[in-house]
Amino acid sequence: MNSTPFWGPDFDELAAEDPEIASIVLSELDRLRSGIQLIASENFTSPAVLAALGSTLSNKYAEGYPGKRYYGGCAEVDRAEIIGIDRAKALFGAEHANLQPHSGASANIAAYGAFVKPGETVMAMSLPHGGHLTHGSKVNFSGKWFNIVSYGVREDTELIDYDNVRELAREHRPKMIITGATAYPRLIDFAAFREIADEVGAILMVDAAHFIGLVAGKAIPSPVPFADVVTFTTHKVLRGPRGGMILCREEHAAAIDKAVFPMMQGGPLMHAVAAKAVALKEAATPEYQAYASQVIVNAQALAAGLADEGMRPVSGGTDTHLALIDLQGIGLTGDVAEMRCDAARITLNKNSIPYDPQPPSKGSGIRVGTPAVTTQGMTEGDMATIASLISRAVRDEDGTQAAAIADDVSSLVTRHPAYPRG
Ligand SMILES: *Cc1c(COP(=O)(O)O)cnc(C)c1O
């Protein structure tokens with residue numbers, strides 16, 4: 001390290017040059033600090049990750065891969081990407097890693113690009129049962145360009161119906177099978193999916209966007225030994241910068257790298273690649289492992305607390321960082337619950353539940369997740385408090401209680417501040 005001073009985020013400069021945007025940045029920080037953040041796909045990145053993101057690495061054009069770039073001047077960013085790749089391979093026990101996807105959806109586009117051609121058959125979890133847009137939605141590239149066969153959960157158990165997955169695979173002979181979801185609270189049996197994929201000669205892609213942070217923290221089993229390719233986001237439980245990543249077996253390394261660049265993307269976001277490397281270093285610590293376990297303990301406590309308040313956790317509970325809550329028992333739809341919680345500074349999202357009688361714009365449920373509140377240092381006792389605050393908020397029909405609930409929210413988050421001052 002030489003003596004060059006860091007030229008990084010200087011808020012005073014932003015405030016002087018662009019007060020309008022500066023005030024939005026401050027208001028957003030205030031929103032994060034003054035409420036309870038229960039969006040299951042959100043987290044609070046560390047100051048170190050933010051510093052890498054706000055660095056001059058943002059300026060560099062680096063199309064290609066370390067040592068094989070289409071631009072000069074890449075020696076420094078090469079080092080960042082190599083360190084990141086090595087950390088990803090070590091952390092996840094993977095043979096190959098690609099840190100360049102701009103997002104989870106971009107990682108998925110690349111995986112499709114590497115393994116399937118337009119018109120070929122792909123099997124994935126249906127959206128109303130917890131799958132992602134990129135798993136075959138009609139409004140997404142996946143649903144427009146591929147022949148999608150959807151599987152779901154059983155109506156009685158609300159768990160993935162592996163027998164049905166096998167039957168569908170035998171019938172439709174998909175080229176690729178995708179597992180992973182955005183709103184499935186339970187562990188996925190990767191060995192079962194591997195067996196089914198092998199039986200029909202399909203590629204097995206695991207979209208681990210939501211739960212990869214729990215895998216990194218050794219709190220749940222890893223899909224890496226079972227999958228041909230694992231795609232994920234880096235900004236959910238994993239707590240890195242907004243972005244995507246792909247792990248795969250060595251035999252698929254060239255196909256994946258070519259699918260990310262030049263097939264689907266141009267220049268990588270090197271500031272984000274460096275920030276991903278920082279997050280991977282953080283995720284390899286014992287502190288992060290303790291965090292990942294606590295995220296699950298907290299989600300289980302929150303689901304149990306909500307159940308005590310008459311709100312049913314879909315599938316009876318959770319093994320992960322999120323719970324899907326059915327509000328039919330208290331006669332509410334998800335959109336109304338989301339709005340009432342918002343008024344009390346509790347941020348969560350409405351969600352469809354399996355076999356939902358409501359349209360997606362309303363939804364019969366809400367989804368709650370504990371990555372952010374756990375980063376703030378909250379534990380099980382705080383989850384019981386949050387469950388009762390949610391219960392009061394969703395039942396506040398005329399909005400007269402919102403201010404009082406927000407006061408209680410404020411005293412809770414004051415004890416566990418997000419981005420503590422000084
Ligand atoms: C969040 C998510 C994605 C997409 O990530 P973006 O970064 O929003 O593009 C893809 N797949 C699953 C399962 C997700 O949960």
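This is a predicted model: local features need pLDDT of at least 70, side-chain atom pairs count only at pLDDT 80 or more; totals for chains, interfaces and linings use all residues.
Arg166, Arg170, Glu195 and Glu199 are joined in a network of salt bridges, a salt bridge being defined by a side-chain nitrogen of Lys or Arg within 4 Å of a carboxyl oxygen of Asp or Glu. Residues are numbered from 1 along each chain as its sequence is written, and side-chain values refer to heavy atoms, with hydrogens and water left out.

In helix α4 (residues 75-92), Glu76 and Arg79 are separated by about one helical turn, because they stand 3 residues apart, and their side chains meet in a salt bridge with an N to O distance of 2.6 Å. Both Glu76 and Arg79 are exposed, where exposed denotes over 50% relative accessible area, buried under 20%, and partly exposed the range in between, computed with a 1.4 Å probe and protein chains only. Helices (H or I, at least four residues) and strands (E, at least two) are DSSP runs numbered from the N terminus. In helix α8 (residues 190-200), Asp198 and Arg194 lie 4 residues apart, about one turn of the helix, and form a salt bridge in which the closest N and O atoms are 3.0 Å apart; Arg194 has a relative accessible area of 12% and is therefore classed as buried.

A further salt bridge, at 3.2 Å from N to O, is formed by the side chains of Asp326 and Arg312. This pair links distant parts of the chain, with Asp326 in strand β12 and Arg312 in strand β11, 14 residues apart. Asp326 is buried at a relative accessible area of 7%, whereas Arg312 is partly exposed at 35%.

The loop between β11 (312-313) and β12 (322-326) contains Thr318, and Ser315 is also placed in the loop between β11 and β12. Thr318 is buried, because its relative accessible area is 5%, and a polar atom of its side chain lies 3.1 Å from the backbone oxygen of Pro185. Such a polar contact is a pair of N or O atoms within 3.5 Å; within protein, one must be able to donate a hydrogen and the other to accept it, and residues adjacent in sequence count only if both atoms are side-chain atoms. Ser315, with a relative accessible area of 14%, is likewise buried and has a positive phi of about 70° although it is not a glycine.

Most residues other than glycine have a negative phi, and most peptide bonds are trans. Tyr419, in the segment after α16 (402-415), has a positive phi near 45° and is partly exposed, with a relative accessible area of 21%. The peptide bond from Phe261 to Pro262 is cis, with omega near 10°, and Pro262 belongs to helix α10 (residues 253-264).

Around the ligand there are 13 residues, of which Gly104, Ala105, Asp207, His210 and Lys236 come nearest, a residue being included if one of its heavy atoms lies within 4 Å. A polar side-chain atom of Lys236 lies 2.8 Å from an oxygen atom of the ligand, a backbone N or O atom of Ala105 lies 2.8 Å from a ligand oxygen atom, and a polar side-chain atom of Ser103 lies 3.5 Å from an oxygen atom of the ligand. The shell divides into 3 nonpolar, 8 polar and 2 charged residues, where Ala, Val, Leu, Ile, Met, Phe, Trp, Tyr, Cys and Pro count as nonpolar, Asp, Glu, Lys and Arg as charged, and the others, Gly among them, as polar.

On the surface, Phe11, Ile21, Ile24, Val25 and Leu26 form a nonpolar patch with about 420 Å² of accessible area together. Patches comprise residues with over 30% relative accessible area and no salt bridge, with like charges joined within 9 Å and nonpolar side chains (Val, Leu, Ile, Met, Phe, Trp, Tyr) within 5 Å. Helix α2 (residues 19-34) gives the most to this patch, with 4 residues; Leu26 lies in helix α2 and counts as partly exposed at 46% relative accessibility.

How values were computed. Accessible areas come from the Shrake-Rupley method with a 1.4 Å probe; for residues, only the protein chains shown count as cover.
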